[in-house]
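Let's take a walk through this structure, one piece at a time. Have the sequence handy while you read.

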Amino acid sequence: MIKLKIVLEHSYYPNYFAIEDIIATQEKAPCKFLVNIPKLGKLNAASEEDDLKAGTSLELPVWLVQQLASGRQPLVTIDLPKSYKPAYREILKADATAVDLHKFGLYFYELGCHIAQFDNQGDVREILVHTFTTRFKQLMDLADNIGLDPSAIDKLDMLERKLFKDGNLARNLLNNWLNNSIIPMGAATMVVNHRKRKRINVE
Amino acid sequence: MLGEKAYSLVKELEDRQCEILPYNTDLVTEIATEIVHLYDQNHQDVRLEDSRTPGTSTNLMPTVRMRHAAIQRNQRCLLAYHYNRLRLLRQMRWEFGSILPTELKENLSAAENGWFNKYSTILGKYMRSIGENGGLNLAVDLKPPKALFIEVRCLVDYGKLELNDGTNVLLKKNSQHFLPRSECEELIRRGILQHIAN
Amino acid sequence: MDDISSEDILLEEDESEMMHLTPAQLVDRMQETWINEIRAPEILPYKYEYVECLLEHINSMEENIETLQTASLVKVVHQLEIDRFRYIIASYLRTRLEKIELHVFHILKEEDTRIEKNELPYLSDGELQFAQEYKNSIEQHFQSVLSFWPGMPPDDWKNNPVVPNLDSFVFLKSKENVEGVIIDDSDENDIVDLKEGSQVILSYSKIADLLKNDKVSLL
Amino acid sequence: MNPDDIEFIAENELVQVISNFNSPVIALIKGNVGPFRAGLTTHVPLWLAVNLRQRRQCKIVPPSWMNVDDLEECKTREKNLRIFTKMPSDHYIEVAKLLLDCSSDDIPQADEIRTIIKDIWDIRMAKIRNSVNSLIKNSSSFAALDNLTMFEINSMMPLVPACLSQIMRLKKPPRGLNTQSQFPSSILINTTNTTNSL
């Protein structure tokens with residue numbers, strides 16, 4: 001199938017319209033309110049009051065927490081989501097390759113990048129880099145179809161999956177090239193998809 | 001919860017780099033309603049704040065700020081949904097050409113249909129501007145050239161194809177032909193011909 | 001007012017170079033330009049002179065061989081060569097178009113700055129017009145999407161344009177000896193010398209200028 | 001770029017052919033080819049050689065390095081040294097594949113050659129994987145790649161540059177915030193240290 005997108009050649013880099021970034025920032029982080037927020041009590045399911053009271057602890061999406069915690073007058077303080085707390089960091093430091101990162105956090109790296117803003121010690125950033133570099137060998141083996149255990153793909157986080165998918169596609173193209181004389185021209189991706197769907201509808 | 005609908009709208013696009021789903025008018029309208037609602041509430045509270053004597057009664061600014069964050073989030077999701085659909089439309093223009101299959105067209109909003117045609121027009125204009133001799137079609141020559149002629153099989157009853165040298169070829173389902181590569185590349189991409197590599 | 005198009009300026013500037021460029025050199029330059037464009041994360045200055053010159057060669061060759069017999073060896077050989085060059089040009093221009101679309105707001109802003117500073121533009125006239133119309137089409141679409149908005153919608157999306165990641169890593173070959181390339185921003189002493197012909201991988205931002213000055217080429 | 005793009009670039013390499021037809025010089029845009037005299041050799045670009053061979057209008061003279069003895073020596077050297085040795089051609093793998101696919105009859109011991117080249121490729125790929133692994137492990141911001149061919153470098157794409165770019169992003173303080181980077185740059189490789197060199 002013909003890929004018309006060259007965009008793929010350049011690795012993921014978040015932007016305002018990036019679906020991945022929007023989905024990643026929907027993940028939740030614990031925070032504690034420093035002031036009363038009148039009228040927005042309904043955000044706290046455990047309470048029936050009209051106002052959200054100072055001192056309340058809630059788990060809110062990162063996009064919201066980020067806004068409320070920054071600026072000159074923060075409304076909340078952020079706590080690290082559990083996957084980035086010391087206990088979990090220790091697990092990753094012990095052996096990051098053994099961890100099912102998908103369960104750890106679907107968007108472990110993306111969320112981590114956002115959270116790292118609020119971690120002055122730099123522990124989050126350090127564990128992100130450590131985890132990524134330690135798990136790279138596994139990722140490369142998967143992409144290169146070496147030591148096939150496809151179930152390992154399920155244990156990748158979303159960023160790793162993306163890298164795996166692009167890397168694996170390229171590796172398969174390369175292997176095809178090495179093994180075949182001519183790679184025939186193919187129909188465009190969307191055309192093929194469209195046709196498949198049509199067939200399903202008919203059946 | 002704030003911004004939930006907007007989130008599910010964006011979620012629709014996840015892992016859909018190669019297909020366009022029906023435009024979700026209902027959800028888009030609901031999100032617009034949520035935004036207007038938040039906006040109105042903020043408007044009211046800001047007015048109350050303006051008339052409030054400092055130090056008296058409740059400070060509404062934190063509430064306003066929180067709602068504003070939700071407004072921005074809703075807007076981001078809404079625009080991301082539309083933007084990424086335009087990117088898909090762009091890809092469709094390159095893959096299907098300037099005329100879309102009707103079933104796909106039905107999945108677009110009126111504004112999207114308009115955008116598709118607009119994009120087609122400006123792209124065509126650009127291609128015609130290349131060089132001094134009437135332009136260059138960028139929708140062909142997608143792969144490095146190998147041979148001038150290639151073996152193809154026809155996948156549908158397409159009808160007559162007139163070649164640049166004036167000869168006519170009848171493209172019937174399952175018929176095989178030896179054709180100039182440059183003249184059948186587009187038909188291959190559109191799934192009408194299949195390239196048979198030996 | 002004198003209306004000098006970007007192409008005129010480029011023509012003047014590169015005329016001397018074009019005069020002594022043989023067709024073989026021209027083809028090599030075009031190929032290098034094409035690969036650089038594919039590999040660079042950002043859009044590079046448009047090489048008007050190579051594209052235009054090569055297209056001209058193609059056109060006159062096509063005219064020359066028109067009268068030859070379709071299946072004659074000479075015609076086939078010429079046609080094969082033409083197809084190769086057409087592919088390079090088409091792929092080059094497609095790559096640029098994709099970058100223009102993806103980074104349109106960013107690219108147009110940079111282009112404005114260049115014009116203000118009297119620097120050479122990066123886009124061809126055709127590309128610039130396309131970019132502006134493409135930008136307008138997106139703005140119009142967004143306007144219609146946001147038409148329900150009470151008052152003025154926030155400008156967040158305009159303040160956060162999609163930008164190329166200049167930190168992207170690239171493979172490159174040095175075309176001459178280059179000294180003192182800084183490879184890490186956090187340590188200015190972290191430098192490396194590139195010998196002519198040496199191949200390295202590093203972050204694009206460190207060599208963008210070298211690339212634009214023709215000291216290195218991407219792989 | 002796909003492998004066929006790199007192959008396309010490799011097709012510019014010159015090879016010798018023995019034509020079985022006569023033709024005066026053909027003035028291509030890039031330069032003259034021919035004259036062709038039946039039974040005599042002349043240099044042509046690989047793309048032309050392959051095309052003529054497919055039309056049975058020539059035999060191809062294998063490049064001087066394409067023989068069992070030289071390649072065996074090359075393989076032994078590659079195996080014994082930790083660094084990457086210089087290959088006899090900057091496009092050895094593409095040239096070998098193209099010639100072995102279209103004209104194995106013209107090349108003595110074609111099957112052996114195919115096997116040795118595959119072995120050399122495998123040895124070098126294994127080296128690349130090792131170097132890449134330590135490169136990423138140390139999250140380096142620079143590596144030398146001397147003596148790797150374009151096709152071999154391309155085999156690392158997109159994964160290797162993508163992962164390095166991602167590491168850079170994970171390390172970097174978010175835009176707008178002026179916190180110091182926590183990680184000193186680790187340079188795995190400098191040009192004098194060949195054992196670490198990619």
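## A stretch of chain A

Start with residues 18-69 of chain A: the chain there is 27% helix and 21% strand, and the end C-alpha atoms sit 23 Å apart. Helices (H or I, at least four residues) and strands (E, at least two) are DSSP runs, numbered from the N terminus. In UniProt, an unreviewed entry gives these residues, 18-69 of chain A, the annotation "domain: DNA replication complex GINS protein PSF3 N-terminal". UniProt positions follow the numbering used here, feature names are shortened, and annotations may be inferred rather than shown by experiment.

Keep in mind that this is a predicted model, where local features need pLDDT of at least 70, side-chain atom pairs count only at pLDDT 80 or more, and totals for chains, interfaces and linings use all residues. Residues are numbered from 1 along each chain as its sequence is written, while chains are lettered from A and ligands numbered from 1 in the order in which they are written.

## Two domains in chain A

Chain A splits into domain 1 (22-79) and domain 2 (80-195), with bounds that come from an automatic or database domain assignment. Taken over C-alpha atoms, the centres of these two domains of chain A are 31 Å apart. Where they touch, domain 1 of chain A puts in 11 residues and domain 2 of chain A eight; contact means that the C-beta atoms of two residues, placed from the backbone, lie within 7 Å.

On the domain 1 side of that contact, strand E1 (28-33) and helix H2 (62-69) of chain A each supply at least two residues. By class, this side has six nonpolar, two polar and three charged residues. Here Ala, Val, Leu, Ile, Met, Phe, Trp, Tyr, Cys and Pro count as nonpolar, Asp, Glu, Lys and Arg as charged, and the others, Gly among them, as polar.

## Where chain B meets chain A

How many residues of chain B are in contact with chain A? There are 40, and they meet 31 residues of chain A. Helices H1 (4-11), H3 (61-96) and H6 (181-189) of chain B each supply at least two residues of the chain B side. The largest share, 17 residues, comes from H3(B). Sorted by class, the chain B side has 22 nonpolar, six polar and 12 charged residues.

## A helical stretch of chain C

Residues 77-144 of chain C are listed in UniProt as "domain: GINS subunit" (unreviewed entry). Over this stretch chain C is 87% helix and 0% strand, with its end C-alpha atoms 53 Å apart.
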